[in-house]
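This briefing walks through a few helices and their contacts for a reader new to the structure. Please look over the sequence and the model first.

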Amino acid sequence: MSATPIKRSVERATRGPSRPRLLFDPLMLLATIGLVVISVVAIDGSTRNDVGGSLASRQIAYAVVGAILMVAISRFDYSRLREFKLGIFGAMIALNILPLLLAAATRGARSWIALPFFRFQPSELGKVLLIVALAAFVVDRYRRLGERETTARLMLLALGPAALVMVQPDLGSASVYVIAALTMLFIAGTPGRHVAGLIGLFSVAIVLSLAVLPAVGVNVLKPYQVDRLTGFLHPSSDTGVTTYQLNQSKIAIGSGEKTGRGLASSTQTSLKFLPEHHTDFIFSVVGERWGFAGAGLVLSLYALLVWRTLRLMTMAKNLFGTLIAAGILAMLLYQLCVNVGMTIGIMPITGVTLPLLSYGGSSYLTTFIALGLLQAIHVQARIAQGSKGRGLVLSQGMHTP
Amino acid sequence: MIDSPDDRRGQLSPQLAMRVAVLGGIAFAIFGIIFFRLWFLQVLSGDQYLAEASSNRVRRVVVQAPRGEMVDRNGKVLVQNRSAVSIVVSPTRLPEEEAARRRLLRRLSWVLGMSTRPRRCDFGSGRTREVKQLMPLQCTVDQSIGALPYADVVVKADARPAVYTYLAEHAQQFPGVEIQDAWLRRYPYREIGAHLFGTVGQVSEEQLRQEKFRGVRGGTIVGKSGLEWTYDHYLRGQNGWQRVQVDALGRATGKRLAETPPVKGNNLKLSIDLQLEKVGQQALQKGKQLAQSNGNPANGGAFVAMNPRTGEVYAMGSDPSFDPNEFAKGISQRRYDQLMSREANTPLVNRATSGLFAIGSTFKVVTAAAALASGKITPEWTYNDTGTWRSGDQVRRNAGGASYGPTSLVKALAVSVDTYFYELGRMLNVDPAQHPRGGPLQAWARKFGFGRPTGIDLDIEAAGTVPDQTFIRELQDAERACRRRERVPDCHKAYLDDTWTVGDNASLAIGQGDFLATPLQLATAYAAIENGGTIVRPHIGMEVLNSREEVVDRFMPKPLRRIEIPSLSSIQQGLLDSTTQEGGTSTDVFAGFGKQVYGKTGTAQIQDKPDQSWYVAYVPDEQRPIVVAAVIQNGGFGAQAAAPAVRQILSQWFYGHPGDAVAGTSASY
């Protein structure tokens, strides 16, 4: 080895588990910081004329708390979480039952719990908890992964909580649970026909609950939910709330053109034509204010995040890590796809937030915990590579000039 | 295959690699789709969405132009504008759902203090006629939508501050309800001249189809009647507009993007003299009082004063009058019905142009002209009056049974000898079978302008009736139709075996029988006596003035026709004698007036009611010629009620003050 400073630092970083020097995946961190900054600026612009004033400072507070959580989590070896899988799963179930109990007490359906500082949404935190617990369960039954019973059991472990979340009602998060579980099974190596069968099953369930059953008078979902889910398929059919929101969002994004209208001229946002401009439709705010350039930048940052997570899946030191990364990837990608898809009129309205961009404490903390886990997987992979002497081969392109 | 699920993993298995690759592929596809969709929305269709965003936030608001003012011949403002706040319903922005719309209109009714009880509501007319039970506000809105689907409906022209501030603060609960600045008409002199100006309102569907209103946009305020209607083109002005920014709730954000200011309409200078108009109205009251002191009910009246040479109307009034300010702020149906009722004595009717009356002896100049022109008499021809006139089985007497002995034309007019004119009526009668439209008497009545509108610049004018054989036939046809329709033996319109007789012609000769005319027609006829045979076209509009007070248009309507009246000077002499000579019917009324007044009394008998009191006079002053006609309904003898009123009007015109009203004593017709 030569004596250049870079080489020495790499040597130090990969020398042993006791002294990890490369604390973070720098590109993932870059994407995270970039999205948080954009989020804060976008929220500030879109809410400064609202009744309650700008929400940017609150979002910054969430980001700071989230960042601390992320750093803290990344310091631990996530592998030890396997031992607490039952506790984690139990906590997740308990958290998701809580709003139902409160709802029964107050006779109002709510998916959140009022805390002194913010409205805590247990289903959000439940996403990460489920991913971690499920990853542990999958690893436990790894040797019997080819069996149909394994697939069924594991899937039920996700569908149960999903059902709980659905009645809260939080259809969006429920679907995240299912998608994350499906992705983790797929990555773990569940036979393709099982995965295909599950996908088929879900498709039939969706068609049944959206189209067939309502037609014969059985309402699985509330009518407004069906309306929101199918509204994007016929954008000009009526002038109801759903199509109004979709149209206003499309107008906002489209009117941004190439480089955006700027803060002062973003009339779709400032005159409140855009509904939920700082939460569900934050991407439309970005699209209107900064145009294709801004929306493209945001998408690129997400793409960076997704790429780094994919890469992490291949370099995690164990299957547990790979599966957690897979679950988190599924969560991020699905939410991105559904939320952005909604704002540009190609996906139904599901109430799924855009990770790191939408305003909201629960969503922010959950995403930062997930990112902390990813960073932890990264750190552990580095350490493992260092001790095995294998990491340099994998990451040669990064560290050698 | 991965063999160990334990912590440390060996080589990346091909299956995992493949499945991660599949996941990566899905992610790639998702990003690709989103990118292309964004490209499509923002780069390819950006213009279109930018336009939509603009139309989202921008609304065009019409700024109503104030109409031109109306001033009298001396520049005194008779009709002006005041700003007000109107509550307007914009049909296109109302909730689409029927029940939601009804709820909204019910709430609005409460706010506006209108009843919500369903009432009868008519739609359309003729074959498409439809009747529904709706609350008044919904009736108004739906009727307007039926006629002009997209035009805004003014539901309250002059809203109180409490009402419009409430609506402004609760705008969210009232989608489609707007608060607009508006101009309303104001009439500072209230009842004075109320019948002339007419009303304004939103242009109707019917008006939009008319040539007169070509190019007018729906919702524009136009003249509906009276001078407002006639001179609408000049008074209307040009509405302006503003483009204002609105938020998602449709509330203006206060930002104006562009505007075209409204252009006020031109002012209209009327030939009316405000002081004369006031005095005329007061003189009618005075005439009524005089009549009432003689025990007559005198429940209405009218007068016209105009320039006999040009037709410029100096003053025109009708009693009872009304306050047009009530109409300006939007009158309720109930109040309107009340004003139109017989109990209120129809104050909205302009009796000067639309009131049809028997005009009695004032018609005698026409009879005289007809007899002179047809060669039946000369001015010197004398009729020996015995107090009684006979023709066949017809026996008529003078008023009060007086007998005047040998009577020539001048005397006949001056003292108003009925028998003289009965005789002329007999002479002028023709065989009805040969002449269904009557003889020289009818022809001359028509020449003087009776039986047809004078063509004054107002929208409504009665034509009157010059009776003849055809008229009797038409009445009989109507009687027959009525009997068939109503299945009754007699409708009391006409006797079916009647035909035109000498008696009918004799009645016509003294302005009685079925003859009906308006005060304006009478004034026009006497104008022709004054000016030597020109039938002028009366008009009230005189000049159009722009904002810099420059005259941009002047109205001098051509006379309708000229008629040759033989021995006109004799007729004029008769009229002059009637105010100056001993025995003249109004000599005592005009005693000491100081100007030569050519006048004629009239006392028209009507069935079952006291007589109509008439007086018509002209003064051929070279600088200030004037002709005045006045009627006091059921006011008794002409000299006793109408003549004093005319004297006051003439006094105002020449001396600037009405002076005393001197009641005459003549009990002649």
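How many of the 19 residues of α5(A) are buried? The helix α5(A) is mostly covered, with 18 of its 19 residues buried, where buried describes a residue with 20 or more other C-beta atoms, placed from the backbone, within 10 Å of its own, while 12 or fewer make it exposed and values in between partly exposed. This is a predicted model, in which local features need pLDDT of at least 70 and side-chain atom pairs count only at pLDDT 80 or more, whereas totals for chains, interfaces and linings use all residues. Residues are numbered from 1 along each chain as its sequence is written, and chains are lettered from A and ligands numbered from 1 in the order in which they are written.

- Helix α5 of chain A covers residues 122-140 and reaches 26 Å from its first C-alpha to its last, close to the 27 Å expected at 1.5 Å a residue, the expected span being 1.5 Å times one less than the number of residues; helices are DSSP runs of H or I with at least four residues, numbered from the N terminus.
- The axes of α5(A) and α14(A) come within 9 Å and cross at roughly 145°, with axes fitted to C-alpha atoms over the stretch in contact and angles running from 0 to 180 degrees between N-to-C directions.
- Among the residues that make this contact are A:Ile131 and A:Ala135 of α5(A) and A:Leu323 and A:Ile324 of α14(A), contact meaning C-beta atoms, placed from the backbone, within 7 Å.
- The residues of this contact divide into 13 nonpolar, 1 polar and 1 charged, where Ala, Val, Leu, Ile, Met, Phe, Trp, Tyr, Cys and Pro count as nonpolar, Asp, Glu, Lys and Arg as charged, and the others, Gly among them, as polar.

**Where chain B touches chain A**

- In total, 36 residues of chain B are in contact with 39 residues of chain A, and α1(B) gives the most to the side of chain B that touches chain A, with 18 residues.
- The axes of α14(A), residues 319-343, and α1(B) come within 11 Å and cross at roughly 20°, and the two helices are therefore roughly parallel to each other, a description used for angles under 35 degrees.
- This contact is made by A:Leu329, A:Leu333, A:Cys337 and A:Val340 of α14(A) together with B:Leu23, B:Ala27, B:Ile30 and B:Ile34 of α1(B), and its residues divide into 8 nonpolar, no polar and no charged.

**A buried residue in a loop of chain B**

- B:Asp468 lies in the loop between α17 (440-447) and α18 (469-486) of chain B, and counts as buried because 27 C-beta neighbours lie inside 10 Å.

Terms used:
Contact = placed C-beta atoms within 7 Å. Parallel < 35°, antiparallel > 145°, perpendicular 65-115°, else oblique.
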